[in-house]
Amino acid sequence: MKSTGVFKIGVAVVALAVSSASLATVLVVRANGPSAKIYPPGKALPESAKIQLQQGDSLMLLNTKGARTLRGPGTFAVAAGSGDIAAAANRRARFSAMRSGEVRLNPSPWNVDITQSGKVCVADASTLTLWRPLADDAIKLTIRGNGGEQTIDWPAGKDTISWPTGLAVASGAEYQLTQPDSGDMARVTFVTIASPPADKIGTAQSLIANECTNQLDVLVEGSSVD
């Protein structure tokens, strides 16, 4: 009988966890100001929640529809409101300005931006892709790390290229990405994600937990609120 009671308690805990997960459809992805300790990046919130922000607070939330920024002071509903339309319009205007300046946007958070240093989360090393924001000219890229080195020729007009098959991707290892002609260099440390999430919220949680901030920026900035 005791074991049955324990089993029932366990089922109740699991049910509660599932219920909480189903309600926690909004994720804090950026936080600044006095309330950042209360709402740190990675904190999940239910759509029904309300947030009290102080003067100087700035909070960016991500849900399945996209990202929105709340600025204090004030009390805000977590569920998307009319203010999101203006935020989305501002984001689209910024992207249009960037495009007019011929600065490409990274199309995927899983691409390795060769101009950015930091941790890089890898979902599938066999399909790892390098990306560059300026693709007009052909360049050489030398990659050193994990006891190996390889130089690849990157053709003009291509903003992506596959990671060289002759250089293994090791989790926790640092790699130096150097463009010999320009002297530009970035250092990245790979973090392998064993079971990459299939949804946007889960992906953001993994990127935050593993401190892959550059990829989180790509995921967030690439989101738009309808």
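A disulfide is counted here when a pair of cysteine sulfur atoms lies within 2.5 Å. This is a predicted model, in which local features need pLDDT of at least 70 and side-chain atom pairs count only at pLDDT 80 or more, while totals for chains, interfaces and linings use all residues. Residues are numbered from 1 along each chain as its sequence is written, and side-chain values use heavy atoms, with hydrogens and water left out.

View 1. The chain contains four helices and 14 strands, where helices (H or I, at least four residues) and strands (E, at least two) are DSSP runs numbered from the N terminus. Of its 226 residues, 35% are buried; buried means under 20% relative accessible area, exposed means over 50%, and partly exposed is in between (1.4 Å probe, protein chains only). Looking at contacts between residues at least 6 apart in sequence, 50% join residues at least 24 apart, a contact being heavy atoms within 4.5 Å.

**View 2. The disulfide between Cys 121 and Cys 212.** The structure holds one disulfide, which joins Cys 121 to Cys 212 with an S to S distance of 2.1 Å. This pair links distant parts of the chain, since Cys 121 sits in strand S8 (residues 118-122) and Cys 212 in the loop between helix H3 (200-209) and helix H4 (213-221), 91 residues apart. A disulfide is a covalent bond between the sulfur atoms of two cysteines. The link of Cys 121 and Cys 212 is right-handed, with 85° about the S-S bond, and both cysteines are buried.

**View 3. The surroundings of Cys 121.** Cys 121 has a relative accessible area of 0%, and is therefore buried. Not counting residues up to four places away in sequence, Cys 121 touches several residues, among them Trp 110, Ile 193, Ser 206, Leu 207 and Gln 215. Val 191 is another of the residues that Cys 121 touches, and the C-alpha atoms of Cys 121 and Val 191 are separated by 4.7 Å, although these residues are 70 apart along the chain.

**View 4. Helix H3 and what covers it.** Seven of the ten residues of H3 are buried, so this helix is largely enclosed by the rest of the structure. Its buried residues are Ile 201, Gly 202, Thr 203, Ala 204, Ser 206, Leu 207 and Ile 208, and what covers them includes strand S1 (26-32), strand S4 (58-63), S8 and H4.

View 5. Glu 211 follows H3 and has a positive phi of about 60° although it is not a glycine. Most residues other than glycine have a negative phi, and most peptide bonds are trans. Glu 211 also forms a salt bridge with Lys 119, their closest N and O atoms being 3.0 Å apart; a salt bridge is a side-chain nitrogen of Lys or Arg within 4 Å of a carboxyl oxygen of Asp or Glu. The pair links distant parts of the chain, with Glu 211 in the loop between H3 and H4 and Lys 119 in strand S8, 92 residues apart. Glu 211 counts as partly exposed because its relative accessibility is 49%, and Lys 119 counts as partly exposed because its value is 36%.

View 6. Asp 57 lies in the loop between strand S3 (50-53) and S4. The side chain of Asp 57 does reach the backbone nitrogen of Gln 54, at 2.5 Å.

**View 7. Two loops with backbone features.** The peptide bond from Gly 72 to Pro 73 is cis, with omega near 5°, and Pro 73 is found in the loop between strand S5 (66-71) and strand S6 (74-77). In the loop between strand S10 (139-145) and strand S11 (148-154) is Asn 146, which has a positive phi of about 55° although it is not a glycine.

Terms used
A polar contact is a pair of N or O atoms within 3.5 Å; within protein, one must be able to donate a hydrogen and the other to accept it, and residues adjacent in sequence count only if both atoms are side-chain atoms.
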